[in-house]
Structure formats: C-alpha cells, structure tokens
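Take a look at the protein below.

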Amino acid sequence: MTSHRKHLVKDFNHFITCYVCKGYLIKPTTVTECLHTFCKSCIVQHFEESNDCPKCGIQVHETNPLEMLRLDNTLEEVLFKLVPGLRKKEQQQEVEFWRRNKSKENSNEDGPICKKARVDEEDDDKGDGDYHRSDTQIAICLDCLRNNGQMGENIVKGLMKKFIRCSTRVTVGTIKKFLSLKLKLPSSYELDVLCNGEIMGKDHTMEFIYMTRWRLRGENVYPMVLEYRPRIDFG
C-alpha cells in the first residue's frame, strides 16, 4: 500500500509568499519579464521608485514597468484553497484599513472600500468595482488624427503614452472619457474615435471593433490602432 506524505502549508511558502513583504501573496501579480510574483500593492509601490524587479534586479521597462504586470488569478485561487480563511481575512483587513486611513484625497472618491462594498452587496453594476480585471484584455494604440481640417485639432497635443491595455468589454464612450481627461479638453469639445477611417459608435466595445473592423479587413498588426480627433460640439 502506497503511503501518502502529508504536506504542510509552510512547505509551499516559497511559492505563495511575497518577496517584498514576506506575507502571503495578496492579489498575486507577476512581472512578465522575469516571471517573479509579488503582492499587487507591493510591486506597484516598488515601481514608483524603481524600474527593476525587486527580486532579481532585471530592468522590467525603461519608462513604465507597470505595463509589464499581470494579475495571476489562478495562483490566487490556489492560495485561498491552501490557506483557509485567507480570502475573508484579507477582505476584512482591506475594509478596516481604509476605514482607519481615510485621507483627504480619498474622502471624496470612490475608494477601495466602496468598490468592495459594491462587490459584496452584488449591486446592479456588479463587477464594475473590479474594473474587469479578469476579462480578456486587448492592447490598443491611440493615435491623434491631424491635418484633417477639423476645427479644434490644434488644441490636442497627443498622448505622451499612447499604448493602453484594457478589457475587451470597454466601450468607445469610455475611451472618449479617458481621452478627454488625459488631454484636458474643454467641455465644448467632442472627440471622434475612428478605426480604419470609420467613426465608431459610443456603444461599440473593443471586441466588436476588433472582430468587425480591424481583423476582418486584413489587419494583422498588433496592437489595434484607434484614431481620435477633436471637434467643437455645436449641440
């Protein structure tokens, strides 16, 4: 009869603990350049001061290492099964933390405590608080369309970082809001978002545009390119 050796949780600590804080991985996030995994908050805070991996020292990205991070939902589920009660404990600690440490800049914002409450209460907009982090992602290049004779084009200087990654469920309307905020457009201006020269409707999702405009027209270039142009809204 074959004997089965029982393993203790500590036998797996090397795989489920964070190199930075030495605690269990909370929202495990992997650096795609070296495949080292850390707590999401730990690695994000580290990259505010450095572009190098805290474990192996490799340069993750010259300017924006946050682009090289990926959430590991599978590892998170494994960890929750290995450590009973960790999920509930982490949620309680996060809520308590934000209750104790409300800062002035967060007092008027929809902070993590509010997002957690929405998920737990299963409101009508369930999942929005998680920002679609488990959705299929798509890389997009946002290019400013110039020299088109449109009034207002001179006000736009273009994005400093034009490559973004978002959920395939994101709509053109959301992209417009993102661009308006980043470009600091006056309220009297509107943006058109185009793919292959065709203006996209505000309710079109990125997946819909990719499947019906970008891919089917023989475009094999990645990421998908969306163009935007400003115009004065006379409405």
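**Reading the fold**

Q: Is Leu194 buried or exposed?
A: Buried means under 20% relative accessible area, exposed over 50%, and partly exposed in between (1.4 Å probe, protein chains only). Leu194 has a relative accessible area of 2%. So Leu194 is buried.

Q: What kind of model is this, and how are residues numbered?
A: Residues are numbered from 1 along each chain as its sequence is written, and side-chain values use heavy atoms, with hydrogens and water left out. This is a predicted model: local features need pLDDT of at least 70, side-chain atom pairs count only at pLDDT 80 or more, and totals for chains, interfaces and linings use all residues.

Q: In which strand does Leu194 lie?
A: Helices (H or I, at least four residues) and strands (E, at least two) are DSSP runs, numbered from the N terminus. The protein has eight helices and eight strands. The strand that holds Leu194 is β6.

Q: Which residues does Leu194 touch, leaving out those up to four places away in sequence?
A: Contact means heavy atoms within 4.5 Å. Leu194 touches Leu145, Ile199, Met200, Val225, Leu226, Glu227 and Arg229.

Q: What share of contacts between residues at least 6 apart in sequence joins residues at least 24 apart?
A: The count covers contacts in the protein between residues at least 6 apart in sequence. The share that joins residues at least 24 apart is 56%.

Q: What percentage of the 235 residues is buried?
A: Cys141 is one example of a buried residue, at 4% relative accessibility. For the 235 residues of the protein, the buried share is 31%.

Q: Which residues of helix α8 are buried?
A: Helix α8 covers residues 206-214. Its buried residues are Met206, Ile209, Arg213 and Trp214.

Q: Which exposed residues does the face of α3 turned away from its buried side carry?
A: In α3 (residues 73-82), Leu75, Glu76, Leu79 and Phe80 are buried. They fall within an arc of 140 degrees, so they line one face of the helix. The face turned away carries Thr74 and Lys81.

Q: How far is the sulfur of Cys53 from that of Cys34?
A: A disulfide is a pair of cysteine sulfur atoms within 2.5 Å. The whole structure has zero disulfides. Cys34 is buried, with a relative accessible area of 18%. Its nearest cysteine sulfur, that of Cys53, is away by 3.6 Å.

Q: Over the ring of which residue does the charged end of Lys22 sit?
A: Lys22 is in the loop between α1 (13-16) and β1 (28-31), and it is exposed at 58% relative accessible area. A charge sits over a ring if NZ of Lys or CZ of Arg is within 6 Å of the ring centre and within 35 degrees of the ring normal. The charged end of Lys22 is 4.4 Å from the centre of the ring of Tyr19.

Q: What is the phi of Lys184?
A: Lys184 lies in the loop between α7 and β6. Lys184 is exposed, with a relative accessible area of 73%. Although Lys184 is not a glycine, its phi is positive, at about 55 degrees.

Conventions:
Arc of directions from axis to C-beta.
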